[in-house]
Amino acid sequence: MTTGVSIRPDGVAVIILDNAPVNSLSQPLICSFKQEFSMLVSDPKVKAIVVTGKGTMFCGGADISEFGETVAKGEEAFKDSPPTASLHEMIDMIDASPKTTVAALNGQALGGGLEVGLGCHFRVAAESAVIGFPEVNLGLLPGGQGTQRLPRVASITTAMQMILQGKTMPATAAQKLGIVDLIARKDIVDEAAAMALSRAPSPISKRPVPHANKFYVASGALDQGLLMASNQAPGMIAPEAIINCLRVACSKMSFQDGLQVEAAEFTRLLFSKQSAALRHLFFAERMIQKVPGVNAKPAPLRKIGILGAGLMGGGVAMCFVQKGIPVVIKDAKQEWLDAGIKKVHSLWASQVKRGRLRNEKFKKFVGLIKPTLKFEDFADVDMVIEAVPEILDLKKQLFLEVERHVRPDALICTNTSGLDIDEIAAVLRDPSRVMGCHFFSPANVMQLLENVRTSKSSERTLATGMAMGKLIGKKTVMVGNCDGFVGNRMLAPYAGEARMLWEEGASIEQIDEAATKFGMAMGPMALGDLVGQEIFWKQRKAAGDMKKQTKTYYGPYEIVDWICEQGRFGQKTPDLKIKADGRGMFIHRGKSKEVDPEVVLKMDEVRKMKGVVPRTVGDEEIIERLFFPLINEGFKILEQGFAIRPSDIDIVYIYGYGFPPAKGGPMFFAENYVGFGKVLERLKVYNAQARDRFTKNPHYLPIDYFEPSGLLQACAAKQAQGVKAPPGRSLIEMVLEEVPRKDAFGPFAKL
């Protein structure tokens with residue numbers, strides 16, 4: 001965490017940012033830099049100064065872990081001096097240097113790293129270098145003068161793309177746009193030194209904002225940019241703060257006045273819940289690869305077998321092929337196989353047509369897929385992923401068949417979304433080679449992968465599964481083998497309460513609108529039509545019990561059963577009679593949808609049959625009844641040992657279910673937005689109402705998802721005592737360590 005300095009024979013000093021792995025601007029590095037830089041400015045032997053990064057990275061920006069420590073001090077501590085004061089001092093020193101300063105951008109220059117580069121008088125970049133301001137992805141803005149410096153060297157359109165959208169760009173593009181002065185063709189430090197010796201100092205802080213930028217701002221360019229950002233990320237507060245800073249930069253106000261506005265806006269954002277949520281997710285993503293007790297070397301994955309060429313199997317195959325890994329994909333019938341391969345090819349062809357995939361790459365991808373009807377073609381694969389319908393006996397039968405034809409060391413994995421994987425694995429001679437690989441549909445698009453640890457999964461199997469997820473670019477979370485795993489188990493009460501709220505009087509539109517206003521990608525009713533209304537209907541039929549409830553599905557069932565009996569499963573089932581592309585709860589035509597009036601009439605019948613008088617239901621009640629039992633189930637999963645940490649659950653919901661990132665995931669939301677006490681209090685109210693309903697009305701099935709988790713109660717008690725988690729930790733994690741897990745039987749219970 002320091003800086004290295006050398007003085008070349010030509011009198012150019014080279015100061016190197018050295019803080020592995022990304023040369024981040026930690027406080028120790030900034031202090032070291034300021035000390036070294038002052039000495040170089042005072043040294044008469046030094047004619048000019050080059051700033052570069054160690055290794056292949058210039059600088060990845062701020063040390064994000066320090067933000068939590070800053071916030072812990074309280075906003076009041078920064079009323080006289082912003083949190084970015086030390087970085088400002090560093091950049092001001094570079095900018096005010098009487099000796100020419102040149103940034104040698106030897107690799108990525110992101111966030112504060114690019115601001116250091118803009119603090120230098122000139123910038124020389126390696127051809128491979130990339131620049132960008134990703135702060136908006138953390139609910140922040142560039143707080144090291146970036147909002148004031150960039151509009152002085154680049155167009156306001158470029159500034160908005162980089163700061164408002166967080167887009168990175170290659171150095172070659174940055175040169176054309178005026179941000180980089182020279183692309184190095186040979187040794188970057190040599191070329192930066194030559195520039196430093198040949199140019200007089202030219203600080204960006206003294207340069208005027210181009211007239212064109214002022215004109216475009218006056219013409220409403222910033223307002224249009226804000227509108228676009230708001231549509232892309234509704235409810236986010238960072239875009240407006242960014243626009244305020246860019247507006248000031250292009251006004252008659254001075255550079256120093258602009259810095260004051262930037263500092264105030266940065267401080268406000270840093271102490272916001274939104275930024276805390278996004279920083280939480282930043283670290284949560286890095287934690288998911290750390291699985292306690294899994295330290296084995298993963299097996300090589302040179303060839304993959306996929307069992308089932310349907311939508312899921314084809315999507316999984318695409319994930320591997322697009323990383324250059326050959327795939328053998330098998331199905332039971334030639335027509336099923338042909339249809340699956342045709343779908344995969346059409347998806348790639350569509351990308352070629354839109355210019356997102358080169359035709360040569362398309363041909364290469366096609367050549368990496370081998371369709372087959374024979375299990376014998378799995379003989380040399382390293383892993384088989386089964387992706388057939390959710391029928392337990394079928395999966396068992398296919399596992400036995402796969403075992404007969406693959407190598408003894410090949411992994412056999414299932415894509416089941418909720419069946420008992422231990423029961424499936426038990427049919428094999430060696431169940432230790434089995435784990436769940438729950439991809440989300442469409443698998444070639446969705447980022448989440450739930451890897452499911454069974455009671456017999458070997459360390460090698462688990463390590464390989466995690467390496468596989470990383471290889472194909474998934475957000476991979478290790479979970480335990482329970483009904484619905486993490487995601488679908490928590491979704492069950494959410495879906496059940498959506499139907500219950502509808503029965504009680506809320507409209508389908510109101511329920512979905514409340515969920516999307518909360519920030520969900522879509523409402524629960526629309527989600528049912530997307531994934532298929534028939535999934536759990538078929539499972540209950542197969543079980544011979546239409547009133548069956550598990551941790552993955554709850555009643556009321558009357559409407560779902562009725563529409564499924566009509567053959568209306570949602571988006572996947574067209575109805576040619578009414579010229580609908582899909583029909584379920586909604587009638588789908590193209591990208592538009594409307595609630596099916598027949599479904600509304602059927603609900604009237606159901607209410608009369610159950611003796612329910614519809615009432616007015618408020619949006620606040622809808623949000624509480626949708627999300628509080630979902631959160632409660634997350635607590636139960638943790639206390640039972642089926643998830644490693646609360647942040648893992650948050651990642652599952654952000655990347656698998658469209659939970660709003662600005663709220664940090666359900667567990668973060670409960671702790672930081674709502675408070676455990678309120679969640680607990682409302683659960684008790686709704687639990688009493690539910691119990692009264694199903695004990696007095698025989699038409700209702702008993703539910704337990706409102707019964708408060710013991711872990712939640714313990715967390716609420718701690719929070720009520722004023723206990724706070726230290727920076728970088730969750731109060732839930734602290735309580736998990738302190739309170740014994742009662743009835744804990746999951747694989748992570750003893751962590």
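**View 1. Lys34 and the residues around it.** Leaving out residues up to four places away in sequence, Lys34 touches Ser86, Glu89, Met90 and Met93; contact means heavy atoms within 4.5 Å. Lys34 lies in helix α1. Helices (H or I, at least four residues) and strands (E, at least two) are DSSP runs, numbered from the N terminus. With a relative accessibility of 16%, Lys34 counts as buried. Buried means under 20% relative accessible area, exposed means over 50%, and partly exposed is in between, using a 1.4 Å probe and protein chains only. The model is predicted, so local features need pLDDT of at least 70 and side-chain atom pairs count only at pLDDT 80 or more, while totals for chains, interfaces and linings use all residues. Residues are numbered from 1 along each chain as its sequence is written, and side-chain values use heavy atoms, with hydrogens and water left out.

**View 2. Helix α14 within the structure.** The buried residues of α14 are Met312, Gly313, Gly314, Gly315, Val316, Ala317, Met318, Cys319, Phe320 and Val321.

**View 3. Helices α20 and α27 in contact.** Two packed helices are described by the angle between their axes and the distance between the axes. Here α20 packs against helix α27 (residues 646-657) at an angle of about 70°, and the axes are 10 Å apart. The pair therefore counts as roughly perpendicular. Axes are lines fitted to C-alpha atoms, for helices over the stretch in contact, and angles run from 0 to 180 degrees between N-to-C directions. Angles under 35 degrees count as roughly parallel, over 145 as roughly antiparallel, 65 to 115 as roughly perpendicular, and the rest as oblique. On the α20 side, Gly487, Asn488, Met490 and Leu491 meet Ile649, Val652, Tyr653 and Tyr657 of α27. The residues of this contact between α20 and α27 divide into six nonpolar, two polar and no charged. Ala, Val, Leu, Ile, Met, Phe, Trp, Tyr, Cys and Pro count as nonpolar, Asp, Glu, Lys and Arg as charged, and the others, Gly among them, as polar.

View 4. A disulfide is a pair of cysteine sulfur atoms within 2.5 Å. By this rule the count is zero disulfides. The sulfur of Cys437 is 3.9 Å from the closest cysteine sulfur, which belongs to Cys413, and this is too far for a bond. For Cys120 the closest cysteine sulfur is in Cys59, at 11 Å, also too far for a bond. Cys437 counts as buried at 0% relative accessibility, and Cys120 counts as buried at 0% as well.

View 5. Most residues other than glycine have a negative phi, and most peptide bonds are trans. A cis peptide bond joins Ala20 and Pro21, with omega about 5°; Pro21 sits in the loop between β2 (12-18) and α1 (27-42). Another cis peptide bond joins Gly555 and Pro556, with omega about 5°; Pro556 is in the loop between α23 (535-543) and α24 (558-565). Gln145 has a positive phi, near 80°, and lies in the loop between β8 (130-132) and α5 (146-153). The relative accessible area of Gln145 is 0%, so this residue is buried. Phe485 also has a positive phi, near 60°, and is found in the loop between β18 (475-480) and α20 (487-504). Phe485 is buried, with a relative accessible area of 0%.
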